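Subject: Structure handover and notes

Hello,

My notes come after it.

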Amino acid sequence: MSRVYNFCSGPAALPEEVLLKAQKEMLDWHGMGMSVMEMSHRSDEFVSILHSAKARLSRLLNINDDYEILFVQGGASSLFAQIPANLMTGFSSSSYLDTGVWSTKAIKEAGKYGAVSVVASSKGDNYSHVPQFSDWKIDESSAYLHITPNETIGGVEFADLPETNLPIVADLSSTILSRQIDVSRYGMIYAGAQKNVGPAGVVICIVRKDLLSRSQGSLPTTWNFANLAANDSMINTPPTFAIYLADLVFEWLEQRGGVAAMEAINIEKAELLYRTIDESALYSNHVDVASRSRMNIPFILADESLEKAFLEESEAAGLKTLAGHRSVGGMRASIYNAMPIEGVQALVDFMKSFEKRYG
Ligand SMILES: *Cc1c(COP(=O)(O)O)cnc(C)c1O
């Protein structure tokens, strides 16, 4: 068996240690004589897994008692609708920052629930930078401010938060647990698991408890954040296997020194790849240096006709899924927590050798 380096943006590579542990526990989880997939979600054993996942995530991100952790289904895209549906109660508008494809989709869904005030947009320069705070026009009377701190397709990332009295709602799907954050500065954080946490099927939500009072009884039962919180994310059957895998990934992160240690490695990985791109005549990345993502690194080839050869040869070298998103083309390397630095080094070595041969 040989494992490749998988640069897919999501579902993405998982840590090998986690896959091996899941394999070991597959037929007989902790002497239960069955796999986690086959257990009742109401069993003490599964509830212990769910509580372990919550406790580990709380430790990893330093989440205090003002927050609830929810496991929600439907993907981050469903949250685009669930968030305005829950949080707009008593307000006529919501505020959104537009930094690319994913914020645009979130804005479109929010528009179905009320007026959306776009505080700033980088659409005019093809989403190659994050607008300066001084250019954000935040409507302080709106329900919340939504941001997308890492645009997975455009490769644009930012970490600082603006000064505002609004609860900040952040889509951290492709950046959660990759860098340190101060959770207490957010009203709500959500992240589809399939990028940096585990398999598809669950969205990690961290919601400040005072916001739960906005969730109205008229909402669909399974969409209601207050209801999910009151029922330990088990109004109905939760995605049990995805939550179990997330718990194993959280355990793996704790064993490796937590988020601070991951962040240091992630900085090193991103610098290695950007340096290779910047020093080359063949490859380029169009994002402003200050707004470059550490997780998703798009790049193009000066000669587009070489793309096919690049993809075929990289694939043959065990470097998989480097094609850019279908909407933008080019290449993209997603280098989440589970991508070891050896994988980035292998990619960089390949890129240099390719450039020597074709450049
Ligand atoms: C992948 C992604 C989504 C969509 O996730 P789904 O689970 O497929 O709905 C939303 N936001 C960001 C930032 C993403 O990277």
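Below are the helix packing, a few single residues and the backbone exceptions.

First, the ground rules. This is a predicted model, where local features need pLDDT of at least 70, side-chain atom pairs count only at pLDDT 80 or more, and totals for chains, interfaces and linings use all residues. Residues are numbered from 1 along each chain as its sequence is written, and side-chain values use heavy atoms, with hydrogens and water left out.

Helix 1 and helix 7

Helix 1 covers residues 16–25 and helix 7 covers residues 240–255. Helices (H or I, at least four residues) and strands (E, at least two) are DSSP runs, numbered from the N terminus. The two axes come within 9 Å and cross at roughly 130°. Axes here are lines fitted to C-alpha atoms, for helices over the stretch in contact, and angles run from 0 to 180 degrees between N-to-C directions. Helix 1 and helix 7 are therefore oblique to each other. The cut-offs: under 35 degrees is roughly parallel, over 145 roughly antiparallel, 65 to 115 roughly perpendicular, and the rest oblique.

Helix 1 contributes Glu17, Val18, Lys21, Ala22 and Glu25 to the contact. Helix 7 contributes Tyr244, Leu245, Leu248, Val249, Glu251 and Trp252. Contact means heavy atoms within 4.5 Å. By class, this contact has 7 nonpolar, no polar and 4 charged residues. Ala, Val, Leu, Ile, Met, Phe, Trp, Tyr, Cys and Pro count as nonpolar, Asp, Glu, Lys and Arg as charged, and the others, Gly among them, as polar.

Helix 7 has 16 residues, and 13 of them are buried. Buried means under 20% relative accessible area, exposed over 50%, and partly exposed in between (1.4 Å probe, protein chains only). From first C-alpha to last, helix 7 reaches 23 Å, close to the 22 Å expected at 1.5 Å a residue. That expected span is 1.5 Å times one less than the number of residues. Just after helix 7, Gly257 takes a positive phi of about 100°.

Helix 8 (residues 258–278) has 21 residues. Its reach is 30 Å, close to the expected 30 Å. The buried residues of helix 8 include Val259, Met262, Asn266, Leu272 and Tyr274. Among the elements covering the buried residues of helix 8 are helix 2, helix 7, strand 12 and helix 10 (341–358).

Helix 8 and helix 10 pack at an angle of about 5°, with their axes 9 Å apart. They are therefore roughly parallel to each other. On the helix 8 side, the contact is made by Glu268, Lys269, Leu272, Leu273, Thr276 and Ile277. On the helix 10 side are Ile341, Val344, Gln345, Leu347, Val348, Met351 and Lys352. These divide into 8 nonpolar, 2 polar and 3 charged residues.

Single residues

Tyr283 sits in strand 11. Tyr283 is buried, with a relative accessible area of 3%. Leaving out residues up to four places away in sequence, Tyr283 touches Ile277, Phe299, Ile300, Leu301, Phe310, Met351, Phe354 and Glu355. Phe299 is 16 residues from Tyr283 along the chain, with their C-alpha atoms separated by 6.3 Å.

Ser291 is in the loop between strand 11 (283–284) and strand 12 (296–301). At 7% relative accessibility, Ser291 counts as buried.

Ala115 is in strand 4 (residues 115–121). Ala115 is partly exposed, at 46% relative accessible area. Ala115 touches Ser92, Ser93 and Ser94, again not counting residues up to four places away in sequence.

Backbone exceptions

Most residues other than glycine have a negative phi, and most peptide bonds are trans. Which residues does a cis peptide bond join? Gly10 and Pro11, with omega about -10°. Pro11 lies in the loop between strand 1 (5–6) and helix 1.

Asn62 has a positive phi, near 55°. Asn62 is in the loop between helix 2 (44–61) and strand 2 (67–72). Asn62 is exposed, with a relative accessible area of 67%.

Thr321 also has a positive phi, near 60°. Thr321 is in the loop between strand 13 (319–320) and strand 14 (331–334). At 38% relative accessibility, Thr321 counts as partly exposed.

Best wishes
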